[in-house]
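Trainee: Could we go through this model together, one question at a time?
Mentor: Gladly, here it is.

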Amino acid sequence: MTKASISVLKVLDKLESLYGKQEPNWPVDPYFFLVWWHCGYPASDAACGKGWESLQREIGTDLDSILAAPAPMLAKALLPGGMVPELRAMRLKEIAVRVKNEFGSDLRSGLVGPIAEVRKSLKKFSNIADPGADRILLFADIAPIAAVPSNCPHVLVRIQRGLERENYGVTYREAQQAIEAEIPAVFESRKRAYLLLKRHGQEVCKRKPKCPKCPISSSCAYFAGHHRGRATQA
Ligand code: SF4
C-alpha cells in the first residue's frame with residue numbers, strides 16, 4: 001500500500017468547495033434506474049437523460065407502459081439516447097418481464113436478504129456489473145456500499161497513488177478500498193463521496209486530466225510527477 005498524499009475526506013471537502021453539494025441526476029429507484037441506464041448508448045448522463053425524457057414523453061417509463069408498448073415504438077422513443085435503440089428496446093422489454101414475473105412488479109421490495117444474493121440478482125439484468133450493482137445498492141438505500149463512479153474510478157487512485165492501473169478492476173477496487181478506509185458506512189456520506197468524485201471525473205480529472213485547472217493539484221501524487229503504470233514510492 002502506498003502512502004496517501006491527501007486523505008479522502010480532505011479531497012471531498014475541496015471538491016465540495018468547488019462544485020457545491022451534489023445530487024443524483026438519475027432515478028434512484030432500482031427499476032427506474034435500470035430503465036434509465038438503457039435509455040442511452042453509449043451510456044452517459046447526457047445520453048441516458050435524452051432517451052429517458054423521450055421515453056417518458058412518448059410511452060412512459062412505468063412497468064405497464066413498457067410491457068404494453070410495441071417494440072418498434074419503444075425503439076423509436078429511445079432513438080434520442082444514441083446507438084442501437086432496437087437492442088435497448090428489447091432489453092427494456094426483458095427487464096420489465098423479469099420485474100413482473102420474478103419480483104411481482106416491485107423490484108425494490110424484492111431486493112432483500114443477504115447482500116451477496118441481492119448483488120447476484122441485480123447482475124442478472126443486462127449491462128449491470130459490479131459498479132452498476134454498487135450504485136443501485138447505495139442510492140436505493142439498500143446497503144451503504146463504497147460505490148465508485150464506473151466511468152472514473154481513476155480519480156482517487158491518481159490523487160493518492162500517483163498512477164492509474166492498466167486493469168480497470170484493480171483501479172475500481174483500489175478506489176473502493178480508499179473510500180471504505182475513510183468514509184463511514186453511512187448512506188449520506190458514501191453518496192456524497194460518489195457524487196463528488198463523479199463530478200470531478202467528468203469535469204476535470206477526465207481520461208486526459210486538466211491538471212493545471214484542478215484544485216487538488218497541489219496535493220495530487222499524479223500531478224507531482226508520477227505517470228500511468230509506474231508505481232509511486234511507499
Ligand atoms: S491534479 Fe490532475 S490527476 Fe490530480 S486530481 Fe487533478 S486533474 Fe486529476
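Trainee: Where does the ligand sit?
Mentor: First, a word on the source: this is a predicted model, in which local features need pLDDT of at least 70 and side-chain atom pairs count only at pLDDT 80 or more, while totals for chains, interfaces and linings use all residues. Residues are numbered from 1 along each chain as its sequence is written, and side-chain values use heavy atoms, with hydrogens and water left out. A cavity is a set of points on a 1 Å grid over the protein atoms alone where a 1.4 Å probe fits but cannot get out, and a molecule sits in one if more than half of its atoms lie within 2 Å of its grid points. By that test, the ligand sits in the largest cavity.

Trainee: Which residue forms a salt bridge with Arg192?
Mentor: A salt bridge is a side-chain nitrogen of Lys or Arg within 4 Å of a carboxyl oxygen of Asp or Glu, and the structure holds 16 of them. For Arg192 the closest N and O atoms are 2.9 Å apart, and the partner is Asp13. This pair links distant parts of the chain, 179 residues apart: Arg192 is in helix α12 (residues 187-203) and Asp13 in helix α1 (residues 8-19). Helices are DSSP runs (H or I, at least four residues) numbered from the N terminus, and the residue you asked for is Asp13.

Trainee: Is Lys191 buried or exposed?
Mentor: Lys191 forms a salt bridge with Glu188, with the closest N and O atoms 3.7 Å apart. Buried means under 20% relative accessible area, exposed over 50%, and partly exposed in between (1.4 Å probe, protein chains only). Glu188 has 52% relative accessibility, so it counts as exposed. Lys191 has a relative accessible area of 11%, so it is buried.

Trainee: Which residues is Lys191 in contact with, leaving aside its neighbours within four places in sequence?
Mentor: Contact means heavy atoms within 4.5 Å. With those sequence neighbours left out, the list for Lys191 is Leu138, Phe139 and Asp141.

Trainee: How many of the residues of helix α9 are buried?
Mentor: Helix α9 (residues 130-139) is mostly covered. Its buried residues, among them Leu138 and Phe139, pack against α2 (30-37), α3 (45-58), α8 (115-122), α11 (168-182) and α12.

Trainee: What phi does Asn127 have?
Mentor: Asn127 is found in the loop between α8 and α9. With a relative accessible area of 55%, Asn127 is exposed. Although Asn127 is not a glycine, its phi is positive, at about 60°.

Trainee: Which peptide bond is cis?
Mentor: Look at the loop between α2 and α3, where Pro42 is found. The bond with omega near -10° is the cis one, from Tyr41 to Pro42.

Key: 1 Å grid on protein atoms, 1.4 Å probe; cavity = no way out; pocket = protein on both sides within 12 Å on 5 of 7 lines; lining within 4 Å. Helix = DSSP H or I, 4+ residues; strand = E, 2+ residues; numbered from the N terminus.
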